[in-house]
Amino acid sequence: MTEILEHLAGRTVIVGSGLAGLMTALTLAPEPSVLVTRALLGTETSSAWAQGGIAASMGEDDSAELHLADTLAAGDGLCDPVVAGGIIAEAPAAIAALEQAGVRFDRNVEGELSLGLEAAHCRRRIVHAEGDGSGAAIIAALVQAVMQTPAITVLEGFEARRILMDGERVAGLLCATAKGAAILPTSKVVLATGGIGGLYDATTNPMGNFGQGIALAARAGAALADMEFVQFHPTALDSRRRPLALVSEAVRGEGALLISERGERFMARTSGAELAPRDVVARAISAEIARGGRVFLDTRKALGSRFAARFPVIAALCGEAGIDPANDLIPVRPAVHYHMGGVATDANGRGSVSGLWVAGEAASTGLHGANRLASNSLLEAVVMGMRVAHDVSGMPASAAGTIFAEKLPVAADASLIRPIVSRHLGVLRNAGAIQGAIAALLPLAEGNGPAADPATVALLIAVFASLRMESRGAHARTDFPLKLADANRRRMCLSDVLEIARATPPYALARSA
């Protein structure tokens, strides 16, 4: 039997307890909200695993204009300059809001913010906390703040399965709980569910994050944007651990070098060298591995015995794999780290469906373009969480719509999807691989089994990839290695994607046989 939680009716429902979700709830207060999380508050979130920090032009030699220029360059022609400029301009206010919420950022002996350098940034502008433990420190402080805010009702162990609609308007959220199905009647849903890394075997994200927010929004009829752009972090620790441990870009920012098993510094002739944009470095490392080689980070000269003090989390992860960065080379490989695509939103986080907002990695705002600039993700999560809260708060409360109870979908399982996606939609793509992915994913997406939602998200990535016949940013095609003269973003709904997939060979040929 489905329980309708009438006592919470009408409140804004926020799905996800990473940085974007927590900031949305805190900014909404004292307006009542409900924060839904499938795990314990703040756990199983990519935000808590972030190492580098938050990009913010806070240095005396820096400016929002320089930060924007770096963002646009990394985004490879697909950023929305107006949206990007607006978010970047709010970075100092975002840092101040986090400090007011209890976050303590690292400072130097003069009491000034300690700023790190990461790839494709022209200035030191990465604001960090507890060295390379930024994400964990930020999330811990915000979780404490949420728990001390009476206006926020936290529902742990609630997994969102479907957005319920009344015509074209949001009417509620169907959740799975330990007791069965539950419905939260609401006309305002905020999705802050994170990324899609769990669709891949090699990822630095929580393995359970397969794009739940995208699936929820897509099934509700919302438009998606730029789904083909999946960022592979160049330097995940190459070990048997799953998910793979991240070796932050900040390590290269401190002077670490990339070398092959032959001792060759293969990035030396590339513009930016080790600090080139992530897509460039990831492709170069993939090429070394494809020829049968191995790739290592050499931190011995740049950091040596100082490594553990500057990067305590990474040092512990290396130690777990039997590696001492002060004396040993660190084996690395690319792994899925961030999704530039997602639910299409405006500058305030509104989706195309009435009553739906999206913040953080699940959204596609236009900030990141074809390739995210390092540490702009946490910045976006904070700024957009705050913007969404203000926009939601400004919307007049509407009467609860008519709720038509749906059968609770089965729990999602991405294990059938990972081999397909990892093989066909990796760092380097081509038409044959993409078509193979579509043919394998479409029957699963059209079904109602545990693979349906993960397959739907993966199918969106594949169909978007099939239509981008160029190489741009994180989307690299061996059959279309050049970049088109005009850079165009793409928006589609799930219905459009399914129609294209059904007409794509070899699936179309199999259906007509």
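Reply: Leu 224 has Met 492 as its bridge partner in strand S22. Strand S12 (residues 224-225) and S22 run antiparallel and are joined by two bridges; two strands count as paired if DSSP finds at least two bridges between them. Strands here are DSSP runs of E with at least two residues, helices are runs of H or I with at least four residues, and both are numbered from the N terminus.

This is a predicted model, in which local features need pLDDT of at least 70 and side-chain atom pairs count only at pLDDT 80 or more, while totals for chains, interfaces and linings use all residues. Residues are numbered from 1 along each chain as its sequence is written, and side-chain values use heavy atoms, with hydrogens and water left out.

S12 and S22 belong to an open sheet of four strands in the order S19-S17-S12-S22, with mixed pairing. Its edge strands are S19 (363-364) and S22 (491-492), each of which pairs on one side only. Strands of a sheet pair through backbone hydrogen bonds, either parallel or antiparallel.

Helix H7 (residues 212-219) lies across S12 and strand S17 (342-344), and runs at about 40° to S17. Such angles run from 0 to 180 degrees between N-to-C directions, with axes fitted as lines to C-alpha atoms, for helices over the stretch in contact.

Another residue to look at is Thr 456, placed in helix H15 (residues 452-467). Leaving aside residues up to four places away in sequence, Thr 456 touches Arg 219, Ala 445 and Leu 494, where contact means heavy atoms within 4.5 Å.
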